[in-house]
Amino acid sequence: MTKNLRFHLIRHVPVNNPQGVWYGRDVEFDTSSVYVAAYFNQLAAKLPHDEGVSLWVTSPYPRAEKTAKGVMDCLHIQDVPPLHINADFVEQQYGVMEGRRHKDIKDDPRVAPYLQDMWGTPPEGGESMHMLQFRIGSALNHYAKNLPEQINDVVIFTHGGVMMAAFAHASGQRMIDVFHDKKAEKTPSFSYVSTLELTYDRCQ
């Protein structure tokens, strides 16, 4: 068995959100600008894609899936890896906050407890950061324990919150602490089209 399993998490392309709403599954996003096309080519050049030893996965949200397909179109190879959809890697669920502007929800009694304790208290119908980190950590651990031994790399097209949760899980931190320390020197970028690489020891 290959000892190490590498995860490559990629945040989706930029979204268009001028009203500053808490968006869920559906939001306008950019896949056609020169800026995005350049990132697609860069990712295609560096992400592992050899058939049989890599697994490509995407969140089912359109902005993630379209990002994955944009990169795959730039691979310029005959045997493009199949793309597997995994709902475990969707963004944090915001429940009653979704579709509403940030400034309009602070006094909503269904939301206020979450804004005061984002780590431990979910908004109504949604997830707390603790719940998200548990979901993402469980999904990564499942892959590490159950993927065929020949798989060396898992490429996951996903969301900024998911990447933050994955980093917190892998580094033994709480997501809320990473969130508050986003500008620290050792905290990676979770910006649009950024990449986070994590290495798991499969023998542990």
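Strand β1 (residues 4-11) runs parallel to β6 and is joined to it by six bridges, where strands are DSSP E runs of at least two residues, numbered from the N terminus, and two strands pair if DSSP finds at least two bridges between them. This is a predicted model, in which local features need pLDDT of at least 70 and side-chain atom pairs count only at pLDDT 80 or more, while totals for chains, interfaces and linings use all residues. Residues are numbered from 1 along each chain as its sequence is written, and side-chain values use heavy atoms, with hydrogens and water left out.

Histidine 8 has valine 155 of β6 as its bridge partner. Strand β4 (residues 54-58) is also parallel to β6, through five bridges, and here leucine 55 is partnered by valine 154. Strand β6 itself (residues 153-158) is mostly covered, with six of its six residues buried (under 20% relative accessible area; exposed is over 50% and partly exposed in between, with a 1.4 Å probe and protein chains only). Asp153, Val155 and Phe157 point one way, and Val154, Ile156 and Thr158 the other.

Turning to the helices (DSSP H or I runs of at least four residues), α1 (residues 34-46) packs on α2 (residues 62-73) at an angle of about 70°, with the axes 8 Å apart. Axes are lines fitted to C-alpha atoms over the stretch in contact, and angles run from 0 to 180 degrees between N-to-C directions. The two helices are therefore roughly perpendicular (65 to 115 degrees; under 35 is roughly parallel, over 145 roughly antiparallel and the rest oblique). Phe40, Leu43 and Ala44 in α1 meet Lys66, Thr67, Gly70 and Val71 in α2, contact being heavy atoms within 4.5 Å.
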